[in-house]
Amino acid sequence: MSVPTVDDLAADPVSHHYDDLIAPSGLTNLLGTVRVDHDLTQLSAVTFPPVSQGLTATATLFVDGRLFASYGAEVTHAWRPDRVVRSAELPGLRIETTTVAVPGETAVAIDVRVHNLGSEDRTVGLGFTLNARVREADGAWLSAESPSAANETVVRPLRQAQDGASTGSGNDGLDRMIFTQPGGAAVSVQGLDRPATVRASGVAKAPGDAYEVGIGGTARGGTVDTTLDVPAGGSARIAYVQAIGSTEEQAGATFHRVAADVPAAIKAAEEFWNTQLSAAFTPGSGEFSGSLPILTTDNDALRRLYWWGVLGVIWFRRDFAGNVLGRSYDTLMPNYWSTTTFIWDFSLSSLTHALLDPEPMRRQLAHWIASDIHTHFGTSSLTGGPVGQWYSVNDYAMTRLVDDYVRFTGDQQFLAEELAGRPVHDHLRQWAYAWQDFRKASPLADYGEIENLLECVSSYTHEVASLNAANVWNLRTAADLLDRAGQDGDQLRKTADELLPHVIDLYEPGTGFFAARQPDGTRLGVRHCYDFSIVGTTIADDLAPDVKTEMIDFFRRELQTENWIRALSPYDPDASFSVRPDHQWNGAYPAWPADAARALVDLGAPDVALDWLPGLARTANQGPTGQAHFVEEAQPGINGGARKAPPQLPYIIDWSCSSSGAWVALVIESLFGVRVGADGTVTAAPVLAGLDPGAVLHGLRVAGRTYDVHADGRVVSLDQVGAPTAP
C-alpha cells in the first residue's frame with residue numbers, strides 16, 4: 001500500500017483516568033477545529049472562524065444524574081483523522097461515543113451508544129451540560145487563546161426563517177439551546193437528535209419566552225437530559241450536535257442537516273479524510289494545487305514517518321469563508337493561535353508546501369514579503385495583519401521558503417515580481433544582509449533576548465551559532481537565486497566566506513557544542529539541539545572533521561533518546577530554567593528530531609540517523625505531531641512512543657503543530673538525497689542502501705516535470721519514458 005487511509009494513520013488507543021497527563025486530541029474539517037476532551041462527550045475550543053469561543057467546554061456527560069468523571073472509570077480514546085472514539089465501562093454498561101467535525105459544515109457531532117452488559121432491560125439517564133461563548137471576529141485574534149464573549153441563552157424550537165421557510169427544525173417540536181453574542185453575529189445551537197428536556201440555568205423573563213436568561217458569563221448555560229431504554233444485551237443511541245453560524249437561522253439549518261442523520265455525518269467524515277489523503281498524492285486532484293511523491297518501501301518506520309509528516313501539514317489547511325488568503329495553513333491546534341500562521345513553523349514544512357500546495361504558498365510568501373517581517377512572527381488569516389513579536393529566525397525562514405518554492409515549482413518569474421515596490425530578488429538580498437544591522441561589538445549578529453529566540457532557554461541569547469550559521473547559508477542561497485534572476489551574486493558569496501570563520505569561532509573545542517556570546521564578550525556554552533541542527537544543515541561542509549565527529553558524539557551522548565530528542569542537554573546549567581518541553585531538557589518541538597536527523601546525514605553519520613528511525617516511528621502513534629513530546633525521563637511513553645505534552649500549565653503545549661513537514665524533508669532531501677540544481681536538474685544521493693535498497697519515490701514533481709527517485713540513486717524522468725505503471 002502506497003497511499004494511506006484513515007486506518008493507516010490511526011493513533012494507538014490511549015486509556016487514562018480523569019486529569020491524567022494526556023493531551024486532549026483535536027479534530028478538523030478544514031473549516032474549523034474542536035478539542036476532544038477527557039470524558040466521553042465533553043468538547044472545548046469549538047472554533048469555526050470567523051466565530052470563536054476560546055477554550056469554553058460543553059457537552060459534559062452525566063450518567064443517571066451523576067457526573068461521569070466522578071465515577072472514576074478509565075476512558076479509552078482512539079483517534080483517527082476523521083473521528084475520535086471514546087469508550088468506558090460503568091457497572092453493567094459500556095458507553096461508546098464517536099465524535100466528528102462534520103465535513104462541509106460549521107458543526108461537530110457526537111454519536112452516543114449505550115450497551116447494556118446485563119441480563120435485564122435497563123433505563124439509563126443521560127445528561128449533558130451545555131455552554132458556549134461564541135464571538136464573531138472583530139479583527140485579528142492576537143492572543144494564544146482565541147477570543148470569547150458572554151452569551152445570551154434561550155431554549156426553544158428553532159425559529160422559522162423570515163421568508164416563512166423552515167430553518168430545518170422549526171417544525172420538529174424539539175427544543176434546542178441557542179447561544180447568541182449580544183450585538184454580534186455569532187450563534188451556537190446545541191441539542192440532541194431526539195426529544196429531550198432542555199433547561200437553561202435561569203428563569204424565564206415572561207410567559208412564552210421559554211427559559212431565556214441574561215448574560216451567562218462563564219456560568220453553565222444549561223442542561224439537556226434524556227433517557228434511553230436499553231434491552232438486556234442490546235444497545236441504544238442518541239446524538240449531540242453543536243452548529244455555529246452568524247444567525248440563528250443559519251446555525252439552525254446547519255444543526256438540522258447534521259442532526260437528521262448523525263451516522264451519515266460520521267461516514268461522510270471518513271470518506272472526506274480518505275479523499276484528502278489520496279488527493280495529497282494525486283496530481284490534478286482539485287484538492288491541492290500540487291502533489292507529493294508516493295513512497296514505496298518495505299521499511300515500516302520510513303513509511304510511517306513520511307506519512308506522519310504529510311498528515312501533519314494537511315491537518316492545518318484552512319478554507320473557511322472570509323480567509324483573506326483564500327486558503328492558509330494554521331500553525332497550532334486545537335487550543336492556541338487559531339487563524340495564525342507563524343513564519344518560522346511554515347518554513348519548517350517549506351518543502352512540503354512547495355510540493356503539495358504551491359499556489360497558496362506563493363500567496364502567503366507574497367503577503368509576507370509585502371509586510372515587514374522584522375516586526376512580527378506571523379499573520380492572521382482573518383485580517384492579513386501581523387501577529388506577535390519579531391522572531392529572529394525570520395530572515396532565514398523567508399530565504400528558505402523562497403528557495404524551496406522557486407526550486408521545486410520552477411517559478412523563476414516570482415523572483416522578478418514587484419512586491420512592496422521592488423522585486424523579490426531584492427528582498428532576498430536584503431534578508432541576506434539583514435544580520436549586519438544586528439551587529440554590536442562583533443562581526444556576528446546579536447539576536448537579543450529569549451523572546452526573539454527559543455523563549456524558554458535563558459542562556460540562548462545574543463550571538464548564537466544557529467542563526468549566524470544560517471546567515472552564511474542565506475548569503476550563499478540568495479547568491480544562487482540572484483544568479484537565476486540575472487543578478488550578480490558574487491558579492492554575497494564573498495561576504496559569506498568572510499562571515500564563516502567568525503561563526504565557527506563560537507565552537508567550544510572538544511565539546512561538540514557552541515557558545516552564545518554575550519554583549520560583554522563572555523561566552524556561554526549552550527548544549528542545545530538547535531545549534532546542532534542548523535549548523536549541521538547549513539555549513540556542515542565547512543567544518544573540520546574533528547568538529548563534525550565531536551558534534552555527532554555530543555548529540556548521541558546528551559541529546560538523542562531511543563524515540564525522541566532532548567532539545568537541551570540535561571547537563572546544561574539552564575536545564576533548570578523552564579519545564580516547557582518544546583525547547584528544554586524534558587522534550588522537544590516536533591521538527592527538532594527530523595532536523596537533527598538531517599544534520600546527522602550532512603555531518604557524515606547517516607547510519608546514526610537510520611538506526612534511530614524505528615524509535616522515532618514509534619512516536620508517530622498519537623496522531624499528528626504534537627507541539628512537543630516528552631522524553632521518557634520526564635514522562636513515561638505511550639506504547640513505546642514519546643508522549644505528547646499537554647496544554648495545561650506549566651507546559652502550555654498544543655496537541656498538534658504544522659511543522660511536521662520537516663519529516664517529509666528528511667525523507668526526500670536527506671534520506672533520498674534529492675537535490676535540484678540551479679538549472680532545474682534533479683539528482684539524488686540516497687543513504688538508504690542499508691535500510692531499504694528497493695525504496696522509491698514515485699512521481700516527484702519538480703518544475704513541471706515528473707521523476708521517480710530510487711534508493712540506488714537513479715533519477716528517472718517520467719516525461720521521457722512515458723507514464724509509469726502504478727507502484
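Reader: Why are helix α14 and helix α15 called roughly antiparallel?

Author: In this predicted model, the axes of α14 (residues 591-602) and α15 (residues 606-618) come within 7 Å and cross at roughly 155 degrees. Angles over 145 degrees count as roughly antiparallel, and the crossing angle therefore makes α14 roughly antiparallel to α15. The crossing in which α14 passes α15 is left-handed.

Reader: What makes the contact of α14 with α15 nonpolar in its composition?

Author: On the α14 side the contact is made by Pro 593, Ala 596, Ala 597, Leu 600 and Val 601, and on the α15 side by Pro 606, Val 608, Ala 609, Trp 612 and Leu 616. Ala, Val, Leu, Trp and Pro are among the types that count as nonpolar, and the division comes to 10 nonpolar residues, with no polar and no charged ones.

Reader: Which strands stand at the edges of the nine-stranded sheet, and why are they called edges?

Author: The open sheet runs in the order β1-β9-β10-β11-β12-β20-β17-β16-β15, with antiparallel pairing. β1 (14-16) and β15 (152-156) each have a single partner strand, so one side of each is left without a neighbour in the sheet, and they stand at its edges. Neighbouring strands of this sheet are turned against each other by 15 degrees on average, with direction ignored.

Reader: How do you know that β16 and β17 are paired?

Author: Pairing requires at least two bridges between two strands, and β16 (residues 176-180) and β17 (residues 187-192) are joined over four bridges in the antiparallel sense. Within this region, Ile 178 stands opposite Val 189 of β17. Helix α1 (residues 248-259) packs on the sheet, where it touches β12 (107-116), β15, β16, β17 and β20 (235-245), and its direction makes about 155 degrees with that of β20.

Reader: Why is α12 called largely enclosed, and how is α9 described in terms of burial?

Author: A residue is buried when its relative accessible area is under 20%. Nine of the 10 residues of α12 (residues 529-538) are buried, so the helix is largely enclosed by the rest of the structure; among these buried residues are Tyr 530, Asp 531, Phe 532 and Gly 536. As for α9, seven of its 10 residues are buried, and α9 is mostly covered, with Val 424, His 427 and Trp 431 among the buried ones.

Reader: How do you know that Leu 700 is buried?

Author: Leu 700, which lies in strand β37 (residues 696-702), has a relative accessible area of 0%, and is therefore buried when set against the limit of under 20%. Not counting residues up to four places away in sequence, Leu 700 touches Pro 293, Leu 355, Val 674, Arg 705, Thr 706, Tyr 707 and Val 709.

Terms used. Residues numbered from 1 in each chain as written. Predicted model: local features only at pLDDT ≥ 70, side-chain atom pairs only at ≥ 80, totals over all residues. Heavy atoms only, no water. Axes fitted to C-alpha atoms, helices over the stretch in contact; angles between N-to-C directions. Helix = DSSP H or I, 4+ residues; strand = E, 2+ residues; numbered from the N terminus. Parallel < 35°, antiparallel > 145°, perpendicular 65-115°, else oblique. Left-handed = near helix turned anticlockwise from the far one by under 90°. Contact = heavy atoms within 4.5 Å. Buried < 20%, exposed > 50% of the residue type's maximum accessible area, 1.4 Å probe, protein only.
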